[in-house]
Amino acid sequence: MASRTATKDIITLRGSAAIVSEFFGYSANSILYNRGVYPEESFVKVKKYGLPMLLTQDEGLKSFIANLTAQLSEWLESGKLQRVVLVILSKATNEVLERWNFSIETDNEVVEKGESRQKSDKEIMREIQAIMRQIASSITYLPCLDEACVFDVLAYTDKDLAVPFTWVESDPKLIANPQIVKLHSFDTKIHKVDTLVSYKTDEWDEQ
């Protein structure tokens, strides 16, 4: 029994990449649901991370997120991914309203030498739970998005990485003088993910 428990605590590079890319998939679903980018009725409840989570049933979005997580996993395994940003924009004006920023630190020794690290599954899950709870409660600290919105995903990678044809070069889609909310982070001991959301405020809100 003890040996089985110990085996579960070993994190490999591929295992860590799978954990982090899956986290992005569930985070994207949760953000798009909680921020009302896609209609509530297009999501179904599932259990993940010991929490009720929501997954899209929109075929186009499901395909997009599946392709996204597969590509992110590949980049995470190569140690080339620095940051992922989910951007919410006004559908009418294309103005950037929110940037959900996930910064990634990679243990390069693991990438170069193929080493593994140790951390319990439960501890990683608890850290991810804390982020998911913050996303689910985003309505309490972010302004209401009272217009139709669309989203985009930006990936910041090492400059020497060949960009797949399904990705295009983009401007960073920044927000001038944003408000920033720092969320929790999680760490597999190979990849550390720091999360924050920045959002646009109206001038009269700041006075």
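A charge counts as sitting over a ring if NZ of Lys or CZ of Arg is within 6 Å of the ring centre and within 35 degrees of the ring normal. In this predicted model, Arg83 meets that rule at Tyr156: the distance to the ring centre is 4.3 Å.

The chain holds six helices and nine strands. It has 207 residues, of which 41% count as buried. Among contacts with a separation of 6 or more, 71% join residues 24 or more positions apart.

Aromatic pairs were examined next. A pair of aromatic rings is described by the distance of the centres and the angle of the planes. The count comes to eight aromatic pairs. One of them joins Tyr26 and Tyr49, whose centres are 5.6 Å apart and whose planes make an angle of 75°. This geometry is edge-to-face. Tyr26 belongs to helix α2 (residues 13-34). Tyr49 sits in the loop between β2 (43-48) and β3 (51-56). The pair thus links distant parts of the chain, 23 residues apart. Both Tyr26 and Tyr49 are buried.

Tyr33 and Phe43 form another edge-to-face pair, at 5.2 Å centre to centre and 75° between the planes. Tyr33 lies in helix α2 and Phe43 in strand β2, so this pair ties together parts 10 residues apart in sequence. Tyr33 reaches 21% relative accessibility, so it counts as partly exposed. Ring pairs also link Phe23, Phe24, Phe102 and Phe186 into a cluster.

Met125 is placed in helix α5 (residues 121-136). Apart from neighbours within four places in sequence, Met125 is in contact with Tyr49 and Gly50. The C-alpha atoms of Met125 and Lys48 are separated by 9.4 Å, although these residues are 77 apart along the chain. Met125 counts as partly exposed because its relative accessibility is 32%.

Most residues other than glycine have a negative phi. Asn94 has a positive phi, near 70°. Asn94 lies in the loop between β4 (81-90) and β5 (96-106). With 52% relative accessibility, Asn94 counts as exposed, since the cut-off is over 50%. Asn177 also has a positive phi, of about 50°. The loop between β7 (149-157) and β8 (179-187) holds Asn177. Asn177 has a relative accessible area of 67% and so is exposed.

Methods
Residues numbered from 1 in each chain as written. Predicted model: local features only at pLDDT ≥ 70, side-chain atom pairs only at ≥ 80, totals over all residues. Heavy atoms only, no water. Phe/Tyr/Trp six-rings, centres within 6.5 Å; stacked < 30°, edge-to-face > 60°. Helix = DSSP H or I, 4+ residues; strand = E, 2+ residues; numbered from the N terminus. Buried < 20%, exposed > 50% of the residue type's maximum accessible area, 1.4 Å probe, protein only. Contact = heavy atoms within 4.5 Å.
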